[in-house]
Amino acid sequence: MICVALPGLAISTAQGQLNGRGLEGFYRAGRRLLSRCQVRVAGREPLTVQARMTAADRARFVGTLRASPGSGTGPDPDVVVERTRDADGTERITLHSAARRPLRLPLEVALGTDLADLTTIASGRAGGELPASVRDSGLRWSCAAASASVTADPPPADALASAGLLRWEFELPPGGTASVELRVRQDGAGPVRAVGRAATSPFATAQATGDAPGAQALLRTGIEDLRALLLRDPTHPADLHLAAGAPWRCGLAPAEALAAARMALPLGTRLAAGTLRTLARTQLTVPGARSGLIPGPRRDAGPHLPPDCTGTEATLLFPALLAEARRWGLPEHETEELLPSAERCLTWLRTAVGDGTYLCAPLPGGPARCETQAHAHRAALLGADLLDAFGRPGAAELRHWAQELRTAFREDFWVEDRGGGRPAVARAPDGRLLPHLGAAAVHLLDTGLLGGGEQAPGLLDKVQTEQLARLLGGTAMDSGWGLRGLAAKEAGYNPFGHRAGAVRVQETAVAVAGLAAAGYEKEAGSLLGGVLAAAEAFGHRLPEMYAGEQRTDGSAPVPHPAACRPSATAAAAGVLLLTTLAGIRPDAPAGTVTLRPVRSAPLGEVGLTGLRVAGSPFSVRVSRLGLALVEEAADGLQLGV
C-alpha cells in the first residue's frame, strides 16, 4: 500500500505496522526517514481487521483488541485502534473504547530508521537501525547524509532513546477516545508541501457516469494518482510535470512524462505546457549531430533487441504533444513560445535520418525499430501542421519525407507468412527483419490528430492495418487482462518480462484508441474490457504493468513485483481509455470538436463530465446505441462533421 504526495511516500503492508522490513516506511525525496513504527496497546499488538487506501496519499488501518479486565471469554473486542497514515509524514493513532467501564490504556510506539536511500534499500544493502536520541517531544536519528526526527502531539509521558520507544497513559471513559499524532520530518526540510494539493490543480475535476460502475472509479482514482505524482521544476516552480511512478521512479522520465501528458489532454493543457517547458530547458543546443535532442535514459527493449534510448522517443513526442495540445486548447501564444524547441526536435529528426529513409538507433549498426518509425512519422506530420499554422518553413520537406517513409515502410517492414503477415519489430542495417510480434506494433495505430478532427495517415495500408488488428485481438496478444508485450507464442516470451510478455497498461490503452479510430471495435472492446477487469482487481489503481498470464474463469491479474503503482502512464491511460469511447477530436483553433464514438458501446451508456476543450468545461454522453451527445461546451464551439 503506497501513499503518494511527492516528494513524500508512505509504504506499508496491509497489517498496518511498520516493521522495518523490505520497503516499509516514510520517505521524502527518495530517502527513508522512518522504517519502523510499531504500536502496542496494553502490551499487545492490535489485530488488524481492515486496511484500505482512502485517497492516493492516505491509508487507514483498523485494529481491535479486548482490554477490559475480568470481561469473560467472549470474542467481542472493546477497543478499536485506528491509524491514519499520510504521505506527508503524518500518522494519527486513535483509540476508541467500547468498554462498559473506564479503561486505563498504556500506548507504546516503537520507532526506528536506517535513513537509507531507496536505491540502497531496493538492492538489499540497507544497514541496520541508527541509534536514537531524545529530542523535544520525540526522537531523532542522524547519519552523515541526513537526519530526521519524529515529534508527537501530545508529548509522550516517557521517551526511551535506547529502545526507540514513546509511551503514553490514557484514561478512557466508556465510549471515549484518545489520539496521538506523529510527525516525521527531515531536519532542515520543513513539512512536505505536495504539488498535487495546491489550490489550482492542472487537472479538470472530470467524472464518469453510466452503466459500467468501474469506469467512474477508474477515472476518479486515475486523476487522484496523477495529482499525487505531480512535481515542480525547481527553477521554474510554475511548470508542473509528472514523475514516472512510485516507489521506484519518483523523478522525471522525459518520454513517459510526455506520453502521460498527451493521454491526459482531455483534463486540460496545463500539464502538457509545463512538461514541454520543463523539457525544453533540457534540450541539447550545442552544434553537432545531437543538437535538438531531449536527453533520456536507456531502457530495456526485450529479449530480441538491444536497449534503446528514451531520448529519441522524447524528442519525437515533443512536437506531437505540442501540436495536439494546441488542438485541445493550448493558447496560441504559449504554443508559439514552445515552437522553437519543437523546430529543433524536427531538425534533429531530419539530421538523424540524413539521406536515408529510416530513423535508426543512435549506436553504430543499430536497428531501425518499428515503433521509432511510427513516432518519427507522427512527429513529421504533426510538426508540419504546426509549422504551417505559424508560417514557419520546413513543412513541405517533412511531409515529403513522411510520404517516402510510408511507401518504404509498407514494403520493407512487412513480414509475409501463411497467417497473413505482420509488421517486423525492427529492421537490421543489412535489411534482415526481426519478425517477433509484440506490443510495440500498437504505435503504428497511433497516428496523431490533425485539424478538423482528422487522424493523420499511418505507416500501414488498409489491408496491413486490418491484419495487425486481427493479430492484436488474438489470444497470443490479448491476455484477457490487456495486451501482452510479446506474443505468447514467440521465443523469449515471459509473462513477467518487462517488455517480453507482461501487460503494459499504456500500450494497451494506445491499442484500444488506435483500433477504435481505425474501426476495429471488436478488438478494441475486448482489450478495454480486460483492462477494466484488471483495474477492479487492483482497486482501480492500475500499476504500470502486470503479468501477461491468460485470464481464466475465477482468476485475477498477477502483480509484477517491480511495477510502479501508482504510475503516471497507467493513470493517464485510464483517461485515454474512457475518452476513446466518445472519440473526442477537438480543433480549438478552428472552434470545432468532432465526435467519433465507439458505435458498439462496449460499456453501455457512458457520460463524461468536467473535461476541458478549448479552455472550457466539456461534457459528452454516449448512449447504449453508440450515439454521442455534447452536453456542455465552450461558447461558440461548433460540432464538426
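## Reading burial and contacts in a predicted model

Student: Why does Thr594 count as buried?

Tutor: Its relative accessibility is 1%, and the cut-off for buried is under 20%, so Thr594 falls in that class. Bear in mind that this is a predicted model.

Student: Where does Thr594 lie?

Tutor: Thr594 is part of strand β31, which covers residues 592–595.

Student: And which residues is Thr594 in contact with, beyond its neighbours within four places in sequence?

Tutor: Gly452, Gly453, Gly583, Ile584, Arg585, Gly640 and Val641. Each of these has heavy atoms within 4.5 Å of Thr594, which is what contact means here.

Student: Let's turn to Asp187. Why is Asp187 called partly exposed?

Tutor: The relative accessible area of Asp187 is 24%. Buried would need a value under 20% and exposed a value over 50%, so Asp187 belongs to the class in between.

Student: Where is Asp187 found?

Tutor: Look in the loop between β17 (177–186) and β18 (207–210). Leaving aside neighbours within four places in sequence, Asp187 is in contact with Arg135, Arg140, Ser147, Ala148 and Ser149.

Student: What makes the pairing of the Asp187 and Arg140 side chains a polar contact?

Tutor: The distance is 2.7 Å, and the limit for such a pair of N or O atoms is 3.5 Å, with one atom able to donate a hydrogen and the other to accept it. The side chains of Asp187 and Ser147 are also joined by a polar contact, of 2.9 Å.

Student: How far apart are the C-alpha atoms of Asp187 and Gly222?

Tutor: They are separated by 33 Å, with the two residues 35 apart along the chain.

Student: Now the whole protein. How many helices and strands does the protein have?

Tutor: There are 12 helices and 35 strands.

Student: What share of the residues of the protein counts as buried?

Tutor: Of the 641 residues, 57% do, and Thr594, at 1%, counts as buried too.

Student: What share of the contacts with a separation of 6 or more joins residues 24 or more positions apart?

Tutor: Such pairs account for 62% of those contacts.

Terms used: Residues are numbered from 1 along each chain as its sequence is written. This is a predicted model: local features need pLDDT of at least 70, side-chain atom pairs count only at pLDDT 80 or more; totals for chains, interfaces and linings use all residues. Side-chain values use heavy atoms; hydrogens and water are left out. Helices (H or I, at least four residues) and strands (E, at least two) are DSSP runs, numbered from the N terminus. Buried means under 20% relative accessible area, exposed over 50%, partly exposed in between (1.4 Å probe, protein chains only).
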